[in-house]
Amino acid sequence: YCEIDFPRSGERFRPVFAEPLELLVAGSVAEVPEILARVEAHALAGCWAVGFVAYESAGAFDAALATHDPVAGLPPAMFAVYRGMAPVARRRGDWMCGAWRDISGRERCYAGVAAIRKGIADGDFYQVNYTTRLRAPFRGDSLAFFDALRASQASAWCAYLDFGRWQICSVSPELFFHWQDDDGAGRALISRPMKGTAARSDDPQKDSAAAISLRQSAKECAENLMIVDL
C-alpha cells in the first residue's frame, strides 16, 4: 500500500495505490540495476512503480562509492508495480511516538564533524551531508503518523510506502529531480533545491533585494554551485 503527495500544476497530486501486480526486490546491491531496468520497463508499459533505492546501493552505480553497512534486513531496492490508482485511501488509526534518541552519541558526532572539517581543508571534498540515525518507541498506525508529518510540511514532496515489514514515511521540502517527457516534444530534468535559494515575496522590491543578496553571498553562491554539480 502506498500514498504519494506532491505539488503539480499548482495543486496537490495525491494518488493512492493498493494491490500491486508485482513486488520487485533486489537481494543484493549488484541486483539494483536489473531491478531499475524492470521498473522502467513497467513504467513504459503504462504501469505505476513506487518504491525506493537505499543509500547503501551507491556501489551499484560506481564501485568507487564506499558506504556504511546497510540496515539489517532492508533490501537495497524495492518497488511495487501497480496497474492503476486505488479508488479510496486506507482508513487511519491512532498512533504514539516516544522521545527520539540519537544512537550515534555526542562524541561520535564531534569526531565526524572534525573529520569533515579536516577533509574540506585538505581538499578531499567540498560538501558533506552529515547525517545520523534516530530511534524512538512507536506504536499504532504509521500511516496516521505520516499524515502528521506531511501536515507539518505543507509544501513538501511526500510518500508513504508500506511494504509489510518496512513502512517508509518520506517528507522532503526539496524535489531532487523530476524527469518530464512531453510526448516527444522535448525532455526536461527539473530540480527544486533549497540550497542557494531564497523565499519568494509578493513584493517585487523585496524579491529583487533577495536576488541581489543571493548573488552577493559567497555562502549562498557556493551552496547553489554544489547542488547543481550534484
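1. Helix H2 is followed by Gly123, whose phi is positive, near 80 degrees; helices here (H or I, at least four residues) and strands (E, at least two) are DSSP runs, numbered from the N terminus. The model is a predicted one, in which local features need pLDDT of at least 70 and side-chain atom pairs count only at pLDDT 80 or more, whereas totals for chains, interfaces and linings use all residues. Residues are numbered from 1 along each chain as its sequence is written, and side-chain values use heavy atoms, with hydrogens and water left out.

2. Gly112, Ile116 and Gly119 are buried in H2, where buried means under 20% relative accessible area, exposed over 50%, and partly exposed in between (1.4 Å probe, protein chains only). Seen down the axis of H2, the buried residues fall within an arc of 65 degrees, so they line one face of the helix; the arc is that of the directions from the helix axis to the C-beta atoms. The face turned away from this buried side carries the exposed residues Arg106, Glu107, Arg117, Lys118 and Ala121.

3. An open sheet is formed by three strands in the order E4-E6-E5, with antiparallel pairing; two strands pair if DSSP finds at least two bridges between them. Strand E4 (22-25) and E5 are the edge strands, each pairing on one side only. E5 is joined to E6 by six bridges, and Phe52 stands opposite Met78 in E6. Helix H1 (residues 32-44) packs on the sheet, touching E4, E5 and E6, and its direction makes about 150 degrees with that of E4; contact means heavy atoms within 4.5 Å, while axes are lines fitted to C-alpha atoms, for helices over the stretch in contact, and angles run from 0 to 180 degrees between N-to-C directions.

4. Phe52 and Met78 both belong to the largest nonpolar core, which has eleven residues; such a core is a set of buried Ala, Val, Leu, Ile, Met, Phe, Trp, Tyr and Cys residues joined through side-chain atoms within 4.5 Å. Strand E1 (2-8), E5, E6 and strand E11 (157-163) each give two or more residues to this core.

5. Leu74 lies in the loop between strand E5 (48-53) and strand E6 (77-82), and, leaving aside neighbours within four places in sequence, Leu74 is in contact with Phe52 and Trp166.
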